[in-house]
Amino acid sequence: MKVVREIAPLRTLVREARGEGRTIGLVPTMGALHEGHLSLIRAAQRETDFVIVSIFVNPKQFGPSEDFETYPRDEARDLEMAAAAGADLIFAPSADSMYPEGFSTTVEVTGLTDVLCGADTSRGSAHFKGVTTVVCKLLNATAPDNAYFGQKDAQQVAVIKRMVRDLDMPVEIRVMPTVREADGLAMSSRNRYLSDEDRERSVRLNEALSAVRDGLAAGEDLADLLAAAKADLASAGIEIEYLEARDPESLEPIETLDKRPVLVAIAAQIGPARLIDNIIFDPQADLSTQQSLAMQGGPPR
Ligand code: AMP
């Protein structure tokens with residue numbers, strides 16, 4: 001496995017792999033790798049012939065009061081883990097090589113980035129400008145057939161898919177399921193900020209989402225379920241930023257369940273860690289046949 005830190009040698013190696021007829025997979029990460037990242041690398045390894053993992057803590061996607069300086073960095077461990085999971089090439093650039101003197105371009109997806117984590121009451125939309133700008137650069141530098149992202153960052157997935165569609169970028173966005181700890185907490189590089197007590201409380205996020213999913217599967221009302229989950233979290237002393245139901249692609253709010261899949265997404269500050277999680281409930285797949293027939297206006301005549 002090779003490690004490169006500049007765009008020029010990266011392009012040379014990509015060209016060589018292409019010349020050998022290999023397909024290319026890209027897995028963008030900020031390092032501090034865990035099983036969630038490794039599941040993306042393994043998927044890329046299964047589906048493409050040459051797997052590039054980028055490791056770059058992107059300063060442009062952190063707000064001034066966020067954890068850029070303290071974000072966990074352990075490159076030696078990351079390299080070992082990525083190699084074991086099937087990476088062929090690591091791209092680990094410096095901030096200066098990604099954003100040289102005079103860098104002045106931003107890639108922005110509008111609308112989708114104003115809600116959930118992009119709302120002013122949350123991280124704000126500047127976060128997503130940082131994400132789309134760096135992902136666009138990484139896609140341009142590696143020209144992959146497939147790029148791999150985690151469902152854990154559901155809004156990021158929606159935003160990146162929209163960018164790729166709007167800008168006709170010739171890449172397939174592959175989305176892999178959220179990998180969880182044994183007790184259900186979504187894996188995140190930020191989980192290591194949690195004290196033992198915060199770690200225990202953090203499972204409440206997934207429990208709240210699971211309760212909404214179970215209630216929806218049992219035919220209960222979406223708004224009632226969200227209200228009950230919010231009350232439960234408040235009684236556990238968890239201050240949520242949001243718990244909302246939205247269309248997974250357009251991120252438009254969904255008030256009542258119909259035939260469309262619904263994204264239920266949560267963000268909360270637990271001690272020093274800002275955590276996010278989500279589920280997608282698909283009525284067509286997840287409701288009992290009787291209930292879905294009822295929603296579609298009764299059984300076919
Ligand atoms: P990050 O290093 O946090 O920027 O994440 C890099 C990629 O890994 C993103 O596409 C994330 O959605 C994905 N990822 C992070 N955590 C998980 C997880 N628990 N399960 C699946 N994918 C994840």
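A pocket, on a 1 Å grid over the protein atoms alone, is an open set of points with protein on both sides within 12 Å along at least five of seven lines, while a cavity is a set where a 1.4 Å probe fits but cannot get out; lining residues have an atom within 4 Å of a point. You're looking at a predicted model, where local features need pLDDT of at least 70 and side-chain atom pairs count only at pLDDT 80 or more, though totals for chains, interfaces and linings use all residues. Residues are numbered from 1 along each chain as its sequence is written, and side-chain values use heavy atoms, with hydrogens and water left out.

**Stop 1**

Select Val157, Ala158, Lys161, Pro248 and Glu249. They lie nearest the centre of the second largest pocket, which has 13 lining residues. Its volume is about 250 Å³, counted as the space filled by probe spheres set on grid points that are joined across faces, edges and corners. Now colour H6, which supplies six of the lining residues, the largest share. (Helices, H or I with at least four residues, and strands, E with at least two, are DSSP runs numbered from the N terminus.) Seven residues of this lining are nonpolar, two are polar and four are charged. Here Ala, Val, Leu, Ile, Met, Phe, Trp, Tyr, Cys and Pro are nonpolar, Asp, Glu, Lys and Arg are charged, and the others, Gly among them, are polar.

**Stop 2: into the core**

Next, show Leu10, Ile52, Val135, Leu139, Met163 and Val164. Within the largest nonpolar core, which has 46 residues, these touch the most other members. Such a core is a set of buried Ala, Val, Leu, Ile, Met, Phe, Trp, Tyr and Cys residues joined through side-chain atoms within 4.5 Å. Buried means under 20% relative accessible area, exposed means over 50%, and partly exposed is in between (1.4 Å probe, protein chains only). Which element gives the most to this core? That's H5, with eight residues.

Zoom in on Met163. Setting aside neighbours within four places in sequence, Met163 has contacts (heavy atoms within 4.5 Å) with Val107, Val109, Thr132, Val135, Cys136, Leu139 and Met169. Apart from this core lies another one, of 26 residues, including Leu194, Leu205, Ile238 and Ile254.

**Stop 3**

Select Lys152, Leu185, Ala186, Ser188, Asn191, Ser202, Leu205, Leu275, Ile276 and Asp277, which line the largest cavity. Helix H7 (196-217) and strand S9 (273-281) are the elements giving two or more residues to that lining, and S9 gives the most, with three. The space inside is about 60 Å³. Sort the lining by class and you get five nonpolar, three polar and two charged residues. How many cavities of 30 Å³ or more are there? The count is one.

**Stop 4: charged pairs**

Arg180 sits in the loop between strand S6 (172-176) and H7, 97 residues from Asp277 in strand S9. Is Asp277 buried or exposed? Asp277 is buried, at 4% relative accessible area, while Arg180 is partly exposed at 26%. The structure holds 15 salt bridges.

Slide along H7 for two of the others. Asp198 pairs with Arg201, with 3.2 Å between the closest N and O atoms. Those two are about one helical turn apart because three places separate them in helix H7. Asp198 is buried at 10%, and Arg201 is partly exposed at 24%. Arg204 pairs with Glu207 at 3.8 Å.

**Stop 5: a buried arginine**

Go to Arg190, in the loop between S6 and H7. Arg190 counts as buried at 15% relative accessibility. Leaving out neighbours within four places in sequence, Arg190 is in contact with Phe62, Asp67, Tyr71, Arg123, Ala273 and Arg274.

**Stop 6: helix H3**

Finish at residues 75-85, helix H3, whose buried residues are Asp78, Leu79, Met81, Ala82 and Ala85. They pack against strand S1 (2-4), helix H2 (35-47), S3 and S4. Just after H3, click on Gly86, which takes a positive phi of about 115 degrees.

Terms used: A salt bridge is a side-chain nitrogen of Lys or Arg within 4 Å of a carboxyl oxygen of Asp or Glu.
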